[in-house]
Amino acid sequence: MPIISKNAGPFYILSIDGGGIRGLFPARLLKCIETELKVPLSKHFGMFAGTSTGSIVASSLAHAVPIDQVIGLYRNSGPDIFSRQRFWGPRIFEPAVRSRYRKQKLLGALAPMLGGVSLGSITVPLVLPATDIVNGKAHLFRTNYVKDKKRDLEVPLLDAVVASCSAPTYFDPTRVGNVLLADGGLWANSPSLAAVIEARQNLEIELEDIRVLSIGTGYSPTTYGREERKRWGFINGWKGTEFVDFLMFLQARSTHNYLEMLFDKKQFLRLNFESEEPLHLDDCSIMDRLEEKAQEVFRNDRESIRRFMEGNL
């Protein structure tokens, strides 16, 4: 178990939201931070937390995978991961009878980076939310930093990440041991608050020493207007899979608000962007736009990011 000094100064947590292919945005933004500000990502942060696609980025950094390799994963494997299966019928009905995508393609893309290692062998604190649909409760994968808790240490990191990525209607749930797990975004699409609680309770980091860099994956707000619809079905009323995005956006926004109330300005920095155009989590045609937005956010917030990383925000 890693030893965390209580008097070692600021304790930095990197938290990354869920969002499918939009994980390319935080990956590129982190590349800018590493390259332009000379921040060694895998060494600067005392804890990593990621949900769904964020679990890919967070786990890669905790496992010392170069951020360029993570960017390459999204660029090279994203279109294959989000390639539709053959469906004999109108596509609009597909989510009603099965998941859109094959999880085996996600496993195959992640295996070269994250395969062959267990949660217990990761030396840095790592937090990966998932959802236990057998027992109807939250499930938090942790690496070997929790006193007297040995749960999940033998679980392959790859399985934990894929479980956290198993978004309803997009991928089937993932079996890990005796439970079926779905996307952690159902309760913690932004895992920053969960990570703060872990740092306080299990690492005994003083609240005033915690610093949280929380990175979103962009959002295009789903709205339903004032006029009541005649039919509020999942497809014709709630806009199908946009409803899933809507729930995850609200969860991330509420977590952001909680942390702003909990911390002072120097302790919490949120980086994200809003888009007027749709940002569907399985739309690989937006990858160029995601990278451009990452570079734009970095340019606009460069000094705030630099001061935050130096503890002088």
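**View 1. Ile286 and its contacts from elsewhere in the chain.** Leaving aside neighbours within four places in sequence, Ile286 makes contact with Ile21, Arg22, Pro278, Leu279 and His280. This is a predicted model, so please read every view here as a prediction. Ile286 sits in the loop that runs between strand 8 (268-271) and helix 11. Its relative accessibility is 3%, and because buried means under 20%, Ile286 counts as buried. Ile286 and Leu24 are 262 residues apart along the chain, yet their C-alpha atoms are separated by 9.8 Å.

**View 2. The whole chain, for orientation.** Here you can find eleven helices and eight strands. Of the 313 residues in the chain, 55% are buried. Take the contacts between residues at least 6 apart in sequence: 73% of them join residues at least 24 apart.

**View 3. The largest nonpolar core.** Which residues touch the most other members of this core? They are Leu30, Ile33, Phe141 and Leu213, out of 74 residues in the core. Helix 11 (residues 287-309) supplies the largest share, with eight residues. A second, separate core has 18 residues, and Ala49, Leu140, Val146 and Ile205 are among them.

**View 4. Around Phe141.** Residues up to four places away in sequence are not counted in this view. With those set aside, Phe141 touches Leu119, Leu126, Val127, Leu128, Ala130 and Asp152, and also Val155, Ala160, Ala163, Val176 and Leu181.

**View 5. The hairpin of strands 3 and 4.** Strand 3 (residues 126-132) pairs with strand 4 (residues 137-142) in the antiparallel sense, over six bridges. Four residues lie between the two strands of this hairpin, and Gly136 in the turn has a positive phi of about 65°. What is the bridge partner of Pro129 in strand 4? That partner is Leu140, a residue that also belongs to the second core. In a regular strand, side chains alternate between the two faces of the sheet.

**View 6. Helix 4 and its bend.** The 15 residues of helix 4 (residues 67-81) should span 21 Å at 1.5 Å a residue, and the end C-alpha atoms are 19 Å apart, which agrees. At Arg75 the helix bends by about 30°, and a proline, Pro79, follows within four residues. Buried residues of helix 4 include Ile67, Val70, Ile71, Gly72, Leu73 and Tyr74. Further along, Ser77, Gly78 and Ile81 are buried as well. The buried residues of this helix pack against helix 1 (24-36), helix 2 (41-44), helix 3 (53-62), helix 6 (103-114) and helix 11.

**View 7. Two loop residues with positive phi.** Most residues other than glycine have a negative phi. Lys38, although not a glycine, has a positive phi of about 60°. You will find Lys38 in the loop between helix 1 and helix 2. Is Lys38 buried or exposed? At 67% relative accessibility it counts as exposed, because the cut-off for exposed is over 50%. Thr169 is another residue other than glycine with a positive phi, near 75°. Its place is the loop between helix 7 (157-164) and strand 5 (174-176).

View 8. A disulfide is a covalent bond between the sulfur atoms of two cysteines. How many disulfides does the model contain? The count comes to zero, by the rule that the sulfur atoms must lie within 2.5 Å. Cys165 is buried, at 7% relative accessibility. Cys284, with a relative accessible area of 17%, is buried too, because the cut-off for buried is under 20%.

Key
Residues are numbered from 1 along each chain as its sequence is written. This is a predicted model: local features need pLDDT of at least 70, side-chain atom pairs count only at pLDDT 80 or more; totals for chains, interfaces and linings use all residues. Side-chain values use heavy atoms; hydrogens and water are left out. A nonpolar core is a set of buried Ala, Val, Leu, Ile, Met, Phe, Trp, Tyr and Cys residues joined through side-chain atoms within 4.5 Å. Buried means under 20% relative accessible area, exposed over 50%, partly exposed in between (1.4 Å probe, protein chains only). Contact means heavy atoms within 4.5 Å. Two strands pair if DSSP finds at least two bridges between them. The expected span of a helix is 1.5 Å times one less than its number of residues. The bend at a residue is the angle between axes fitted to the seven residues ending there and the seven starting there.
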